[in-house]
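Here is a briefing on how several protein chains meet in one model. Keep the structure in view as you read.

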Amino acid sequence: MQLANDAAKSSGYVPGQPDMWAFVIFESFLFTGYFVVYMVCRTQSPELYLQSQAELSLRIGTFNTLVLLTSSWSVARCVQAAREGAFQSALKQAYLTMGFGFVFLVSKVSEWAQEIQKGFGFSTNEFFSFYYFLTAIHFLHLLIGFIVLGVVVYQLRSPARRSLELVETGATYWHTIDFLWVIIFSLLYVMR
Amino acid sequence: MNASFENRLLVVWLALCAVTIVSLIVGSLDGRVAHGTNAAITTSAIGIAVVKVRIIFREFMEVRHAPILLRRLTDAWVLVTATSLLGTYFAGLAFSMG
Amino acid sequence: MSAAVTVPDAPTGSLWHRIVWHWRHDPKRELWFAWWMMVIFYNLYGLLFFVVTRVQPPPDPAWDVATVVEWFADHHHGVLAGFGIVFVITGFIVPTNALLAYSMRRMSVSRAFAYAYLVIYSLSAVPGMLLTCIALTAGAMRPDRDPELIHWLYDFAFMAFDGTMGVFLIGSLVWMAAILLDRNRVFPKWFGYLNLCNALTEVVVAPAWIFKRGAFAWDGEIAWWINMVVFVIYTTVFITLLRQMIVREDFGTGPLPELAPKEATAAEEGAEAPSGLMGTAR
Amino acid sequence: MRRTDGELILLGTLPVVGLIWLSAFLLFPGFVHPMSPTMSLDEIAAFYRDPQNVSRIRYSMILFNWFGVGLIPVLTLIVMQVRRMAHRTPIFSYSLLACAAGGPTLFLVANLFWLLAAYRPERDPVLIQMFNDLAWVTFTSQVPYLIAQSVLLALAIYLDRQARPVFDRWVAHFNLLIAAALVPAAFVGLALGGVLAWDGLLSFWVKNVAIGLWVVVMGLVLRQAIVRERVDKEVVA
């Protein structure tokens, strides 16, 4: 495996199914579409967006980002361990990834709960419509991500399966959740 | 090989976290009370995000070893997203001033 | 069924001759029939909804009653005649559903996927299209109706059109699962993932029930325009892939043969060698 | 070997369902002399408020509600026969199965609007008129699955190339004829009077007679095909 891997590297090596990359690119451009619509709407009434944005907690947003970055790191280590045949360690990293994903999930839900308690719902104003829309569609990708990680764990657990390709494919999906969030974070929490 | 790769991932993770903290600081620069547009904050926020995304692509997702097509495609997405976001932002600014 | 199927070479004469030849001799005629119905009727729907009736792209949900009444007056003849044609042809979409179900039947997965898809897509046209057309017909046929009721019919029509996401959501997910599990290589895996993209756009349309203006309303940039782009890409892709599936079909139960290079470039479908017709038993 | 037990019993429900349909049709006060689309608001309100009419509307529509989908078992029997045809793929049987679901569903939608109109006839006449319109438009124009069903069945028969086809060729021609007879009804919205209106010659009489004729003829043809299949089976066994 390692040998093939090295040989492939010189000519270019795609981790996992190239098919998943088609999904990643397509979905990324789709999100760019959503982001641009958000930015265009934002230019129509910047004050409203700025005032509403101040109701979000930048700290929670940063915490979310750090958690997802860490989950990305552990899934990358999971792939690395699986490549080297250290399946126990790979499995541990996969569970760790799930764990960080779960922390993100809980923190996102509690953030929504706080905002709703403060009286900011989906249809309160345009900013909050976009806030709930972008975070929710991202959240949906996260939920699908748990299914994907489930497939990764399922592969790693039995010596009979252990398809490295599927492990890498799952990791590619999980990183997508991460990098999409990075942009969402900058657009909803940080920019002015 | 093993250890070096492990170290590389660690460094990448640390760098990403550090940059995230920078955006936290940048985002707090105006004390979050001014409620004013701030092109400098916006530019650095989107700039930092784009850099982070590219690092995730190159390192975590191993695009740096990938065929040229995939490298180009991911870079194209990063570029298109950055320019369209900043483009709309500055066009909006210019429009509201003019 | 005879054991040896001998197929004469496809003629190269006029279009009509070729159609007749395929009708008589092509062992894949049922599949090609369904495929052509799909191509013809998707185009006809586009024509009818965008050009003849001009009810798509959708009008604004934020309009007041008077504007809506005016809109109906503007679209009177187009709606009544155009939807008449829609009512005549809608049923001919069912071979498409049959072909999609057939693609899953050809996979290495349970028949349950094919049957579930067939049922879901068969009922999809009733709320998603026919109710819309019925409501708009009722709205257009009596311009002197109470304007408030015309407004209600307008909402009914466009909410029925946009607001019935579940059939396409579940349908795409069923197809996705079948493709990802399939070992017969009927479709490339990336198309399985594209089904997920399409399914997610059905989630995105749901806010149309909540918003009367903006990006999430039924005519919004996100709920309509971006989704329509995805839908058009998705449809184009599956029409192309289904065509390739038919070309590759060997009527066996094992993996579907790859597209031979000459078949990939040959313009005429169904002209492949007769040796490929008898299925290779597993 | 295909299992055929019970098919004749399913087919035996057809005359019963047909009889119930016919009586419900006659019971509904607006069918034998079909209601005109040009009735004024007051006339429509009076029609639904007439105590004798309103109970006839309700009971006839409840009957249709019970037995509206009664044709589906028989349509499924047609699908079973199509599966016996000399086709390579189940495209036609899948298509006909899908059609079998579509037609009755749309009929139930029309049925619902009529029942709603009759539920509170004291409602504002404009509302009664709207429910009445929706019911009639749905009832009359919703022929898409019936048309497709006939045309697809005809094509399936034409492609059934074997020494003894399941259905004779004339059944295919007959189905195309029926499909053609149903087409004008789709354009019911175009006119409130004349042959195209929902009480007109083409949209009402030609369409409904065609449906009735189709049910009767297909019932007979189906019976013949099923019986012949059973005889063939016994010979083999």
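Between chain A and chain B there are two salt bridges. In one of them, the side chains of Arg83(A) and Glu62(B) come together, with N and O 2.8 Å apart. The model is predicted, and its scores are ipTM 0.89 and pTM 0.89.

**Where chain A meets chain B**

- Three pairs of chains are in contact, and chains A and B share the most contacts.
- Chain A brings 53 residues to this contact, and chain B brings 48 residues.
- About 4,600 Å² is buried between chain A and chain B. Carbon and sulfur atoms give 75% of that area.
- The count of residue pairs in polar contact between chain A and chain B is 13, with both residues at pLDDT 80 or more.
- Which helices of chain A supply at least two residues each to the side that touches chain B? They are helix H1 (2-11), H2, helix H3 (46-53), helix H4 (58-83) and helix H7 (164-190).
- H4(A) gives the most to that side, with 14 residues.
- By class, the side of chain A that touches chain B has 30 nonpolar, 16 polar and seven charged residues.

**One residue at the A–B contact**

- Gly12(A) sits in the loop between H1 and H2 of chain A.
- Which residues does Gly12(A) touch, once its neighbours within four places in sequence are left aside? They are His65(B), Ala66(B) and Pro67(B).
- Within its own chain, Gly12(A) is 64 residues from Ala76(A) along the sequence. Their C-alpha atoms are separated by 19 Å.

**Where chain A meets chain C**

- Here the contact takes 21 residues from chain A and 22 residues from chain C.
- Chain A and chain C bury about 1,900 Å² between them. Of this area, 87% is on carbon and sulfur atoms.
- How many salt bridges join chain A and chain C? The count is zero.
- Three residue pairs are in polar contact between chain A and chain C, with both residues at pLDDT 80 or more.
- On the side of chain A that touches chain C, helix H2 (18-44) and helix H6 (126-157) of chain A are the elements that give two or more residues.
- H2(A) gives the most to that side, with ten residues.
- The side of chain A that touches chain C divides into 13 nonpolar, six polar and two charged residues.

**Salt bridges**

- Over all chains, the count comes to 16 salt bridges.
- In chain B, the side chains of Arg8(B) and Glu59(B) form a salt bridge at 2.8 Å, N to O.
- This pair links distant parts of the chain. Arg8(B) is in helix H1 (residues 2-28) of chain B, and Glu59(B) is in helix H2 (residues 39-60) of chain B. The two are 51 residues apart.

**Aromatic pairs**

- Over all chains, the count comes to 74 aromatic pairs.
- Why is the pair of Phe49(C) and Phe83(C) tilted? The ring centres are 5.7 Å apart and the planes stand at 55 degrees, so the pair is tilted. Stacked pairs have planes under 30 degrees apart, and edge-to-face pairs have planes over 60 degrees apart.
- This pair also links distant parts of its chain. Phe49(C) is in helix H2 (residues 29-52) of chain C. Phe83(C) is in helix H4 (residues 76-89) of chain C. They are 34 residues apart.

**Chain D**

- Chain D has nine helices and zero strands.
- From the N terminus on, its elements run α-α-α-α-α-α-α-α-α.
- The C-alpha trace of chain D spans about 65 × 30 × 25 Å along its principal axes.
- The average pLDDT of chain D is 93, and 99% of its residues score at least 70.
- Chain D does not touch chain A, and their nearest C-alpha atoms are 29 Å apart.
- Chain D does not touch chain B either, and there the nearest C-alpha atoms are 40 Å apart.

Notes
Residues numbered from 1 in each chain as written. Chains lettered and ligands numbered in written order. Heavy atoms only, no water. Contact = heavy atoms within 4.5 Å. Buried area = accessible area lost by both parts, 1.4 Å probe. Salt bridge = Lys/Arg side-chain N within 4 Å of Asp/Glu carboxyl O. Polar contact = N/O pair within 3.5 Å; in protein donor to acceptor, adjacent residues only side chain to side chain. Helix = DSSP H or I, 4+ residues; strand = E, 2+ residues; numbered from the N terminus. Nonpolar A, V, L, I, M, F, W, Y, C, P; charged D, E, K, R; others polar. pLDDT = per-residue confidence, 0-100. Phe/Tyr/Trp six-rings, centres within 6.5 Å; stacked < 30°, edge-to-face > 60°.
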